[in-house]
Amino acid sequence: MHGTPHIVSDVMSETVAAIGREAAFKEIVRMMQDWKVSALPVLEGEGRVVGVVSEADLLPKEEFRDSDPDRYTQLRRLSDLAKAGAATAEELMTSPALTVQADATLAQAARTMARAKVKRLPVVDELGMLQGIVSRADLLKVFLRDDEEIAEEVRREVVSYLFPTPASSARVVVRDGVVTLSGRIRDTSLVPVAARLIRAVEGVVNVEFDLSEHGGSPESAAMTYRE
């Protein structure tokens, strides 16, 4: 019912800093500093993503630089100790790389980032070739959407279906991304459904309702519903 959602290609950066398998440790650190990023995709061939090197992959070298870990630490943190002795991207990278395709929705990309606890995802095509990079900040761009644009979509895609006139007289106001639906509706049991559908509209921060059940009498009581 909703309009076409934004997809990753709408917000991703097409200019991407990347490295090859043989990139040296210091080269990786320098590139992260120069580009002000916390992770770099590792490419091979014509641009296929084979891994990602992040700051977390680099830190063990400093952490274990002047220490002699005991047997328990060696067993518990075998991977980190291996990275502490690594010198190239191939030895440091996490592989296979966690990626997202350009036609994924922003919600899908956000779920992938949240589950993996990462800040950036390489964007690839069906063959795994690098197309861009998408960050947490990129995914938040939908919240810069104009209030009136949000209101128009809510009216068109939600209100007109659930609360059509003349049986209802629902009004939509949006301020700073918060949608308020007010007026008179015939069936207040649809309010939770409306709340879910309105929250699915991109750019919506919160949903509030201030509605009167349509009973045709002046005794109809006002109902406030807040998500």
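What follows looks at one helix pair and a handful of salt bridges in a predicted model. Local features need pLDDT of at least 70 and side-chain atom pairs count only at pLDDT 80 or more, while totals for chains, interfaces and linings use all residues. Residues are numbered from 1 along each chain as its sequence is written, and side-chain values use heavy atoms, with hydrogens and water left out.

Take the helices to start with (DSSP runs of H or I, at least four residues, numbered from the N terminus). The axes of α9 (residues 147-162) and α10 (residues 191-199) come within 10 Å and cross at roughly 165°; axes here are lines fitted to C-alpha atoms over the stretch in contact, with angles from 0 to 180 degrees between N-to-C directions. The two are therefore roughly antiparallel (over 145 degrees). On the α9 side, Val 154, Val 158 and Leu 162 make the contact, meeting Val 193, Ala 194, Leu 197 and Ile 198 of α10 (heavy atoms within 4.5 Å).

Now for the charges. The model has 11 salt bridges, counting a side-chain nitrogen of Lys or Arg within 4 Å of a carboxyl oxygen of Asp or Glu. Glu 44 pairs with Arg 48 at 2.1 Å, N to O. Arg 145 bridges to Glu 149, with the closest N and O atoms 3.1 Å apart; Arg 145 is buried at 18% relative accessible area, whereas Glu 149 is partly exposed at 41% (buried is under 20%, exposed over 50%, partly exposed in between, with a 1.4 Å probe and protein chains only).

Back in α9, Glu 152 and Arg 156 sit 4 residues apart, about one turn of the helix, and form a salt bridge at 3.9 Å, N to O.

How values were computed: Parallel < 35°, antiparallel > 145°, perpendicular 65-115°, else oblique.
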